[in-house]
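Hi,

Here is the structure I promised to pass on. Have a look at it first, and then read my notes below.

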Amino acid sequence: MKVARTGNEAFAEAMRQINPDVVAAYPITPATEIVQIFSQFVADGLVKTEFVAVESEHSAMSACIGASAAGIRAMTGTSSQGLALMWEMLYIAAGLRLPIVMAVVNRALSSPINIHCDHSDTMGARDSGWIQLFSENVQEAYDNLIQAVRIAEHPDVKLPVMATTDGFILSHCLETLDILSDEDAQDFIGISPERPNLIKSLNEGSPITLGALDLQDYYFEHKRQAAEGMFNAKKVIPEIGKEFGKRFGREYGFFEEYQFVDAEVVILVMGSTAGTAKDIVDEMRKEGKKVGLLKLRVYRPFPAEELAKALKGKKAVGVMDRADGMSAFSGPLYPDICAALYDIDQGRPVIQNYIYGLGGRDIRKEDIRYIFEEIIKTAKTGKKDYTLKYIGVRE
Amino acid sequence: MPTLKQLAKREERFISGHRLCAGCGAALVARMVMLAIEKPVIVGNATGCLEVASTIFPYSSWKVPYIHSAFENVAATISGVEAAYRSLKKQGKLSLDAVFVAFGGDGGTYDIGLQSLSGAAERGHRMLYVCYNNEAYMNTGIQRSSATPRAAHTTTSPLGKVIPGKVQFPKDLPSIMVAHNIPYVATSIPGRWNDLVNKVEKAVSLNGFTFIDVLSPCRLGWPHEPELTMEISRLAVDTCIWPLYEVVEGRYKLTYKPKEKKPIVEWFKLQRRFAHLLKPENQQLLEEIQKEVDRRWETLLKKCEG
């Protein structure tokens with residue numbers, strides 16, 4: 001069914017259809033509407049959810065951990081400082097192998113305080129053991145959140161998932177999207193596979209201890225098991241994306257290739273900027289330039305081999321980072337891409353990094369055209385004369 | 001209220017094998033609290049002595065479903081467990097009637113966990129929160145907390161040449177909890193088993209957030225001889241440093257009145273953290289503390305009369 005929804009409305013709509021047993025959340029711009037709309041669903045009796053209006057994001061994630069450990073479906077949503085405040089608990093959610101699903105609206109981190117989009121918040125959680133799905137538009141955000149439940153709960157994965165939108169750009173912009181019927185959504189999500197949990201153990205009189213102290217003799221094995229869940233997610237995510245495509249006509253993988261096969265230079269980007277970049281690709285294609293786009297949807301797990309396979313033979317890649325790694329080297333995405341492509345023997349592209357759009361700074365079409373022109377130059381010589389450029393900043 | 005004999009026949013739900021110190025107050029508190037509850041129970045625990053020493057993987061002293069997630073958030077974690085339980089009840093997927101208990105030390109309760117505690121209390125989740133208050137951060141090696149008494153020596157409020165131990169008096173957390181207008185707030189000690197068991201029974205019978213602050217002697221941090229744990233906890237009551245009372249629906253009631261109010265020095269002299277207070281040069285400080293203890297005691301008595 002075609003509807004017009006903002007990113008936040010679409011997330012809330014997906015949550016209504018997922019109908020989780022517990023939602024614990026705390027408002028933060030620009031994600032506030034998600035919990036606001038959802039609490040209206042609760043107040044109107046449209047969901048079975050027990051809504052816990054916690055006093056902080058730290059408690060939101062803590063309550064989700066408690067609820068998920070009790071064996072039920074738990075969800076939350078946040079952004080920026082809220083995600084940063086959860087940081088400690090993100091690792092615990094993943095370490096306890098709890099399939100919590102979270103809607104994240106990407107926003108810059110303080111200081112300076114800023115409420116607009118960049119990816120610094122989500123990047124801060126990239127090593128936490130959460131699966132991270134980025135969305136180009138509201139349709140993808142909705143589809144990602146629905147699939148996130150299946151991915152998180154898959155018995156081979158059992159890791160939490162965050163699906164993201166770009167703050168304001170997607171969260172507050174009205175777009176047309178196709179939403180599933182409640183029946184289709186619920187049928188696709190299905191019943192949560194059973195896992196050891198507190199309520200079950202109480203019911204059966206066989207107590208379990210969760211969150212025990214793991215010292216030198218066990219911690220590593222448990223971390224290794226969680227890592228295995230992330231390895232398994234690499235198999236599960238495309239499977240679920242394919243199944244989704246088969247049923248609803250929109251297939252998802254690790255990334256999307258756009259005008260890619262014969263492209264000589266490629267921009268690699270995550271989130272809403274991909275939409276703008278596609279326009280530029282179209283324009284430049286008309287000018288006869290062999291440019292293409294790779295839009296990364298799944299950042300964690302990181303599809304290194306798949307990226308290497310796709311990008312092998314390309315002459316130059318411009319990696320666009322909407323966050324600064326503050327490493328005096330690059331943004332966070334760039335080193336991952338370099339590492340993924342390092343083992344290509346022949347046909348390894350030259351890779352350059354472009355940090356853009358911090359704190360919601362517009363990324364204009366001419367900015368993206370400029371990046372393409374830069375990497376076309378690099379492709380000609382086969383050598384880069386710089387690694388990193390900041391785009392769209394006064395300096 | 002069970003007799004001691006009946007209590008002794010109940011199945012232990014916090015069992016031996018843990019690695020808490022001999023004479024640890026927290027172990028006694030946990031054991032008694034768990035003995036006092038007969039209903040199915042889920043326990044949450046904040047990071048701290050009780051947590052690290054009772055669940056060293058693959059062992060656990062807890063014969064009930066148990067969760068630990070972090071230090072400052074046991075109230076929020078159990079909020080989530082209890083919300084899941086309520087959701088399942090509402091959906092008709094669960095029939096048993098369970099209670100929820102959160103344990104935290106004074107670090108996890110008075111200080112780093114105060115926000116999470118206040119949030120859960122305000123929301124009115126059905127849980128009993130038990131603070132085993134050993135008056136400092138004992139798990140990390142005896143650092144001061146907001147529950148540490150005035151003049152006590154800790155490793156971050158050390159006795160020095162110019163500063164004689166902790167500068168501040170302890171925070172009155174039970175009053176803060178009373179201000180949340182929750183159905184039940186109480187203080188207790190391990191040294192009066194009937195007081196603690198009675199209060200736990202009462203708390204878990206109520207529908208809402210309940211809070212018991214249990215003074216829990218720490219032989220390593222106070223420090224004292226391990227065999228004196230019970231006696232020291234009783235002496236805190238008899239000196240009126242730690243009065244036993246309960247607040248039911250906002251009404252204060254003294255649950256034990258010492259026959260003879262002992263001077264605080266009686267309590268101090270069994271603990272080395274206060275050893276300097278026995279010296280003549282600190283006489284004035286000792287008097288100042290006695291005065292404040294008296295003032296707080298009088299205030300409490302007035303609340304109990306009113």
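Let me begin with the core. The largest nonpolar core has 220 residues, and those touching the most other members are Ala24(A), Ala67(A), Ala93(A), Val81(B), Val101(B) and Val130(B). By nonpolar core I mean a set of buried Ala, Val, Leu, Ile, Met, Phe, Trp, Tyr and Cys residues joined through C-beta atoms within 7 Å. A residue is buried if 20 or more other C-beta atoms lie within 10 Å of its own, exposed if 12 or fewer, and partly exposed in between, with C-beta atoms placed from the backbone. Helix α2 (residues 25–36) of chain B supplies the largest share of this core, 10 residues. Domain 1 (2–248) and domain 2 (255–391) of chain A both contribute residues, so the core lies between them.

Before going on, a word on the model and labels: this is a predicted model, where local features need pLDDT of at least 70 and side-chain atom pairs count only at pLDDT 80 or more, while totals for chains, interfaces and linings use all residues. Residues are numbered from 1 along each chain as its sequence is written, and chains are lettered from A and ligands numbered from 1 in the order in which they are written.

Back to Val81(B). Leaving aside neighbours within four places in sequence, Val81(B) is in contact with residues of chain A, including Ala67(A), Ala70(A) and Leu198(A), and with residues of chain B, among them Ile42(B), Ile67(B) and Phe100(B). Contact here means that the C-beta atoms of two residues, placed from the backbone, lie within 7 Å.

Next, the chain interface. 39 residues of chain A are in contact with 38 residues of chain B. On the chain A side, the elements giving two or more residues are β2 (22–25), β3 (50–53), α3 (57–69), α4 (80–95), α8 (198–204) and β9 (209–210). Helices (H or I, at least four residues) and strands (E, at least two) are DSSP runs, numbered from the N terminus. α3(A) gives the most to this side, with 9 residues. By class, the chain A side divides into 24 nonpolar, 9 polar and 6 charged residues. For those classes, Ala, Val, Leu, Ile, Met, Phe, Trp, Tyr, Cys and Pro count as nonpolar, Asp, Glu, Lys and Arg as charged, and the others, Gly among them, as polar.

There is strand pairing between the chains, too. β9(A) pairs with strand β2 (residues 66–68) of chain B in the parallel sense, over 2 bridges, and Thr209(A) stands opposite Tyr66(B). Two strands pair if DSSP finds at least two bridges between them.

As for the two domains of chain A, their bounds come from an automatic or database domain assignment. Their C-alpha centres lie 28 Å apart, and 26 residues of domain 1 are in contact with 20 residues of domain 2. On the domain 1 side, α9(A) gives the most, with 4 residues. That side has 13 nonpolar, 8 polar and 5 charged residues.

Now the sheet in chain A. It is an open sheet of 6 strands with mixed pairing, in the order β10-β12-β11-β14-β15-β16. The edge strands are β10 (255–258) and β16 (388–391), each pairing on one side only. Neighbouring strands are turned by 20° against each other on average, direction ignored. β10(A) and β12(A) pair in the antiparallel sense over 4 bridges, with Phe255(A) opposite Leu296(A). Helix α10 (residues 273–286) of chain A packs on the sheet, and its direction makes about 165° with that of β12(A). Helix α12 (residues 333–342) of chain A also packs on the sheet, at about 150° to the direction of β14(A). Axes are lines fitted to C-alpha atoms, for helices over the stretch in contact, and angles run from 0 to 180 degrees between N-to-C directions.

Leu293(A) sits in strand β12 (residues 291–296) of chain A. Leu293(A) counts as buried because 23 C-beta neighbours lie inside 10 Å. Its contacts beyond four places in sequence include Tyr258(A), Ile267(A), Ala277(A) and Val281(A).

Finally, in chain B, helix α4 (residues 74–90) and helix α6 (residues 114–123) pack at an angle of about 35°, with their axes 7 Å apart. Ala75(B), Ala76(B) and Ser79(B) in α4(B) meet residues of α6(B), among them Leu117(B) and Ala120(B).

Cheers
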